[in-house]
Amino acid sequence: LIDVDPADPRPVYRQIADEVERCVATGILKADEPLPAVRALAADLKVNANTVQHAYRTLEHAGVVT
């Protein structure tokens, strides 16, 4: 569902935010569907939970998720 690329010049939190935004835009994530849990997604992506939380906050501030 969500991938991060170490070779991508964007910060990891931005990659996560962009991927979630893409999933919402394409209908992979529905409007009433919860986002993956922060710790679970962090473990899957092998990143710090704070990075995922930062991505989620960024999406919330942009109005993509609530």
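I began with Q15, which touches V4, D5, D8 and R10, leaving aside residues up to four places away in sequence; contact here means heavy atoms within 4.5 Å. This is a predicted model, where local features need pLDDT of at least 70, side-chain atom pairs count only at pLDDT 80 or more, and totals for chains, interfaces and linings use all residues. Residues are numbered from 1 along each chain as its sequence is written, and side-chain values use heavy atoms, with hydrogens and water left out.

I placed Q15 in helix 1 (helices are DSSP runs of H or I, at least four residues, numbered from the N terminus). Is Q15 buried or exposed? Its relative accessibility is 2%, so Q15 counts as buried (buried is under 20% relative accessible area, exposed over 50%, with a 1.4 Å probe and protein chains only).

Next I turned to helix 3, residues 49-62. Which of its residues are buried? I found V52, A55, Y56, T58 and L59. They cover an arc of only 155 degrees around the axis, which puts them on the same side of helix 3 (the arc is taken from the directions from the helix axis to the C-beta atoms). Helix 1 (12-26) and helix 2 (38-45) are among what covers these buried residues. On the face turned away, I noted the exposed N50 and H61.

Methods
Helices (H or I, at least four residues) and strands (E, at least two) are DSSP runs, numbered from the N terminus. The expected span of a helix is 1.5 Å times one less than its number of residues.
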